[in-house]
Amino acid sequence: MTSKENTFENGAALATTLAATVAAALSAAVAARGEASIAVSGGSTPKAFFDALSREALDWEKVTVTLVDERFVPADNPRSNHLLVATHLLKNAAAKARFLPLFSAADSAEEAAERATEAAAALAQPFDVVVLGMGNDGHTASFFPGGNHLAEALDLSLPRRVMTMEAEGAGETRLTFSFSGLQDARLLVLHIEGAEKKAVLDKALAGKDEAEMPVRAVLNRAASPVEIYWAP
Ligand SMILES: O=C1O[C@H](COP(=O)(O)O)[C@@H](O)[C@H](O)[C@H]1O
């Protein structure tokens, strides 16, 4: 599919514009279908965007927020993406949103993934908004180079679900939505910041090998156009 690069002077300008764009998409979804859904990424990049989005005035009680990926750790773990979202997004006006976690205190990550898949099945498809990040190794969501379930995660013929992923660069076992569940979002955003990430993006755009840089699946095969948001 196509991608479009939206470049900003700095992270603050990017956060303000991306928050307004996402809020407009969520409001349009509520107006059209009575509810809206958004799946967001963790990591260090989205904090300012989350803070700005949390202040946007919209019908938050009709919005479900979930994660594109999570570590198999409880929500009080400092590395939890749930904790990040609770701290930076589910506050101010957005405190009224419903949050759908991927982690649960199951006996295994596989069981937690099953539970999250069942819970996510109640959400309308596709997601109204998906905001992806990208690591310097070319991973997005928890589609890591060398991931033990990478091929299945990127297989578009498999239905939307939450699955586990283990990889050398991932640290903890991960829970991640499959590519099939993310790539058709009504608004599909790839949010990256910094010169290093821009160089990684340019390398990804120049090639095809998804095992080397799984973000290429999004850039080359997503059904929806990819809105790339970048600031130095
Ligand atoms: O592991 C993760 O990292 C990526 C990128 O994080 P950042 O700190 O470089 O912004 C993130 O998109 C993903 O959701 C997260 O689990």
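Predicted model: local features only at pLDDT ≥ 70, side-chain atom pairs only at ≥ 80, totals over all residues.
View 1. Look for Gly43, Ser44, Arg71, Pro78, Arg79, Ser80, Asn81, Leu83, Leu84 and Thr87 along the lining. By type, that lining splits into 3 nonpolar, 5 polar and 2 charged residues.

**View 2. The largest pocket has about 400 Å³ of space.** It is lined by 28 residues, and the closest to its centre are Gly42, Gly43, Ser44, Met134 and His139. Strand E4 (69–71) and strand E6 (129–132) each bring at least two residues to the lining. Sorted by type, the lining of the largest pocket comes to 10 nonpolar, 13 polar and 5 charged residues.

**View 3. A cis peptide bond links glutamine 125 to proline 126.** Omega here is about -5 degrees. Proline 126 sits in the loop that runs between helix H4 (109–120) and strand E6 (129–132).

**View 4. Asparagine 92 has a positive phi without being a glycine.** Its phi is about 50 degrees. You'll find asparagine 92 in the loop between helix H3 (81–88) and strand E5 (98–100). With a relative accessible area of 46%, asparagine 92 is partly exposed.

**View 5. Alanine 141 is not a glycine either, yet has a positive phi.** For alanine 141, phi is about 45 degrees. This alanine belongs to the loop between E6 and helix H5 (150–153). Buried means under 20% relative accessible area, so alanine 141, at 5%, counts as buried.

Terms used: Residues numbered from 1 in each chain as written. Heavy atoms only, no water. Helix = DSSP H or I, 4+ residues; strand = E, 2+ residues; numbered from the N terminus. Buried < 20%, exposed > 50% of the residue type's maximum accessible area, 1.4 Å probe, protein only. 1 Å grid on protein atoms, 1.4 Å probe; cavity = no way out; pocket = protein on both sides within 12 Å on 5 of 7 lines; lining within 4 Å. Points joined across faces, edges and corners; volume = space filled by probe spheres on them. Nonpolar A, V, L, I, M, F, W, Y, C, P; charged D, E, K, R; others polar.
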